[in-house]
Amino acid sequence: MGGFFELLTDPDVSFLRNALLLGLVGSIPLGVVGSFVVVRRISYLAAAVAHSALGGIGLSLFARTELGWDWLPPFGGALIFTVASALLIGVIAGQKGQREDAAIGTVWVGGMAIGIIAIAKTAGYNDPMAYLFGDILLLRQSDLWVAGGFAALVVGLLVIWHRQLFSVLFDPEFAAARGLRNDPVYLLLLVLTALTVVTLVSLVGVVLVVALLTLPPAIALARFKRFGWVILAAVGINLLCVSLGLWLSYVLDLPAGPSIILVAIAFYGVTLCRRKAS
Amino acid sequence: MKSQPAVCFQGVSFGYGSEAVLTDVDFDILASDNVCVVGPNGGGKTTLLKLMLGLLKPDSGHIRVFGQQPEKMQGALGYVPQHMHFDPVFPVRALDVVLMGRVGRGSFGFATREDRKLAEAALDQVGQAAQAQAQFSELSGGQRQAVLIARALVGAPRAILLDEPDAHIDPGRRDKLKQLLDFLPTDITRILVSHNMDFVVSSVEKVICVHRHVHVHPTSELTAERIRNLFGSDLRLVRHDRDHPSAAGHHHPLVDVDQGGPH
């Protein structure tokens, strides 16, 4: 334990400190947006949006190396791709007679295929595993600032729109009769999901980030009946998972992303057992 | 004051795809009217309500709600939907549900203290003040319906539209719901949809009969023959000719319609 804290406070070693800070900052939008995603039961949709980020990451790596587009970081590519994916799925889902599941599947695997091909065609060595499952050695100080900005943006937008969103998610027909347009409000949730996912992709990767979006709210829902408490608890559980997971990865010399996710799964398992026992 | 029409349909037709549901519908509902919309299942009752609410647009004809297009008056209408397919694990209290009746396009940020006060008052009005903190999913069918009526009332609507509020209520609890509907504010337009004429509250003044076409009758003119024409000849009609004391002290004979099932 002592070594972990020494490393965190060592001014010459920043990667662990950056990882912890990024995890803590990202936990807030993940817990807040994840709570809306889970009560609306669209975790599969969030997963598709998250996986599609690989397409943006791959294309931005390719553009930087092959086209000299140094202004486009992998983070920016992931952002453009996930927001576009969220809008695409949302628009298709809003059209009568369209298969939402087909759109989700297409965005999910399409994004990954584009990402892997773009990475393969980029000169030099780029390990796709780092983007799929996260790599704390890839983190930079600037990621923290960007993540902080995103977190503030996502939480701010939700503070403004949460009542409309909550109303539409609970009873879309009544909300429509009150003059709320369902589709734009639903699209807002999808775009916020995309922004949130991108915040922590570099820490836990496109595959694992969905677990932090959905497991903590699911755990919180088993204990709390008020939505406000569910959100606060989900944020708290995320903070705990990130802190414990990073500590475990240091102590047991494990990859950070999967360690964080396994802690979240362990909490969820305990919740399920307790629910079964009661 | 009964001069201004709350709802005005002029030559309205509507269909889902090629299937006509309502054809050439003309009628007025006056402000402060208390009307019941009746008709067979699939006859167009819910469609009629959704057209009033601006949730559907007519294929032809004009609809005005308090003199405006329906979508411009959505804040003025309190709606109690027929089916609420809510998620039983959705973390929402009765008070939260009522507060949704205060949410509109301009609702940003958190609910105000006034919103909460009005929501608590609306719950009190429907006799559910004690359930304010209870989970919505843990309430009985009757309590849920009362909470949904409170949600419709909390926005201070000029009209309230209830779509088959008795549809999911145990027969034993219908009387309570009936009492509740009898005590809805009389200064707003009350529009109740039901296919169960026995449920029609005693103070209803007009009945709007819907079966693709629409006919409006004062309650006292509603005869077994008219009901038979509306619902079809395979229906069993039971005329009780019993008197229901109205809120104003007048008496209206009501007709019960049973859709063919054994008694």
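Modeller: Gladly, and one definition comes first: an axis here is a line fitted to C-alpha atoms, for helices over the stretch in contact, and angles run from 0 to 180 degrees between N-to-C directions. This is a predicted model, in which local features need pLDDT of at least 70 and side-chain atom pairs count only at pLDDT 80 or more, while totals for chains, interfaces and linings use all residues. Residues are numbered from 1 along each chain as its sequence is written, and chains are lettered from A and ligands numbered from 1 in the order in which they are written.

Our spot is helix α2 of chain A, residues 15-39. Helices (H or I, at least four residues) and strands (E, at least two) are DSSP runs, numbered from the N terminus. The axis of α2(A) comes within 9 Å of the axis of α7(A), and the two cross at roughly 15°. The pair is therefore roughly parallel (angles under 35 degrees count as roughly parallel, over 145 as roughly antiparallel, 65 to 115 as roughly perpendicular and the rest as oblique). The crossing of α2(A) past α7(A) is left-handed, a word used if the near helix is turned anticlockwise from the far one by less than a right angle, with right-handed used if clockwise. On the α2(A) side, the residues making this contact include A:L21, A:L22, A:V25, A:I28, A:P29, A:V32, A:V33 and A:F36; on the α7(A) side, A:L144, A:A147, A:F150, A:A151, A:V154 and A:L158 are among them. Residues are in contact here if their C-beta atoms, placed from the backbone, lie within 7 Å. Sorted by class, this contact has 18 nonpolar, four polar and one charged residues (Ala, Val, Leu, Ile, Met, Phe, Trp, Tyr, Cys and Pro count as nonpolar, Asp, Glu, Lys and Arg as charged, and the others, Gly among them, as polar).

Now turn to another partner of α2(A). Helix α9 of chain A, residues 182-223, packs against α2(A) with the axes 6 Å apart and an angle of about 55°. That angle makes α2(A) oblique to α9(A). Here the crossing is right-handed. By class, the contact of α2(A) with α9(A) has 18 nonpolar, nine polar and no charged residues.

The phi of A:R41 is near 55°, a positive value in a residue other than glycine. A:R41 has 13 C-beta neighbours inside 10 Å and so counts as partly exposed; a residue is buried if 20 or more other C-beta atoms, placed from the backbone, lie within 10 Å of its own, exposed if 12 or fewer, and partly exposed in between.

Let's step back to the whole chain. Chain A has eleven helices and zero strands. Its radius of gyration, taken over C-alpha atoms, is 19 Å, close to the 19 Å that the globule rule (2.2 Å times the number of residues to the power 0.38) gives for 278 residues, so chain A is as compact as a globular protein of that length. Along the principal axes, the C-alpha atoms of chain A fill a box of roughly 60 × 50 × 30 Å. Buried residues are 50% of the 278 in chain A. Of the contacts in chain A between residues at least 6 apart in sequence, 74% join residues at least 24 apart.

Finally, α7(A) leads us across to the neighbouring chain. Between chains A and B, the contact takes 22 residues from chain A and 23 residues from chain B. On the chain A side, α7 (141-170), α8 (172-177) and α10 (227-251) each supply at least two residues, and α7(A) gives the most, with seven residues. That side has 13 nonpolar, three polar and six charged residues by class. Within chain B, helix α1 (residues 45-53) has nine of its nine residues buried, so α1(B) is largely enclosed by the rest of the structure. Just after α1(B), B:G54 takes a positive phi of about 80°.

How values were computed:
Two residues are in contact if their C-beta atoms, placed from the backbone, lie within 7 Å.
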